[in-house]
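Work through the following exercises with the sequence and the model side by side. Try each task before you read its solution.

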Amino acid sequence: MIYRKIQNGTETELKQISFEEAFPLAGTGVLVFDSQIEEMNFYKEVVKKYPPTPKTSNEHKKNEPDISELLPFLDDEDLHEIVLSILNDEENSKYDNLDLEELFPFLNDEDTELLFIKGISSPDSKIDPVDLAPFVSEKALTAFVDEYLKGNYQEVDIDELYPFMKSSDIKRLFLHFLEKKNKTEE
């Protein structure tokens, strides 16, 4: 038998319904069956009547390589060339359409830090320091905090970088903001 759950105040009641009544309710979570076999048979019939639509084929993408699948196979020199092109903001660079977030995991520490410095020092750069933060060393983030506390890089949304900083840097920022708040309240 097939039942439909009906909410009656705070209680849920089960009302027996026919197969035809249950059909439009398939997949809504309101149907209850006496057994798993009955439920399986019901959904077999639903699939027969409404077969799943096949995924549309991506014929137009068939010959396009997926760049993200190629990145792990580039050596450090090739990746460094890409980084230098990005750092130099070359006009009409062959890397203009590269999604930087796909690139970040494959860079060595030096290239990651170069891009991070570019991102924090150039607010109009296409490099988002927050996207890079998971790949930047704690040493580089500490250096950033040092500069931030000196008044540099104030346009960077530092709140987004906290999860990637070590506790001692967070504490330094906390004390800095507290001191700043105390000065404004005086």
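**Exercise 1.** Find which residues line the largest pocket, and sort them by kind.

*Solution.* The lining of the largest pocket consists of Ile67, Leu70, Leu71, Leu74, Ile82, Lys94, Tyr95, Asn97 and Leu98. A pocket here is an open set of points on a 1 Å grid over the protein atoms alone, where a 1.4 Å probe fits, with protein on both sides within 12 Å along at least five of seven lines, and a lining residue has an atom within 4 Å of a point. Sorted by kind, these residues give 7 nonpolar, 1 polar and 1 charged, where Ala, Val, Leu, Ile, Met, Phe, Trp, Tyr, Cys and Pro count as nonpolar, Asp, Glu, Lys and Arg as charged, and the others, Gly among them, as polar. The space in the largest pocket is about 200 Å³, a volume filled by probe spheres set on the points.

The model is predicted, so local features need pLDDT of at least 70 and side-chain atom pairs count only at pLDDT 80 or more, while totals for chains, interfaces and linings use all residues. Residues are numbered from 1 along each chain as its sequence is written, and side-chain values use heavy atoms, with hydrogens and water left out.

**Exercise 2.** Work out the order of the strands in the open sheet, and which of them stand at its edges.

*Solution.* Helices (H or I, at least four residues) and strands (E, at least two) are DSSP runs numbered from the N terminus, and two strands pair if DSSP finds at least two bridges between them. The 3 strands follow the order β2-β1-β3, with antiparallel pairing. β2 (11–17) and β3 (31–33) each have a single partner strand, so one side of each is left without a neighbour in the sheet. Between β1 and β2 there are 7 bridges, and Asn8 stands opposite Glu11 in β2, as Gln7 does opposite Thr12.
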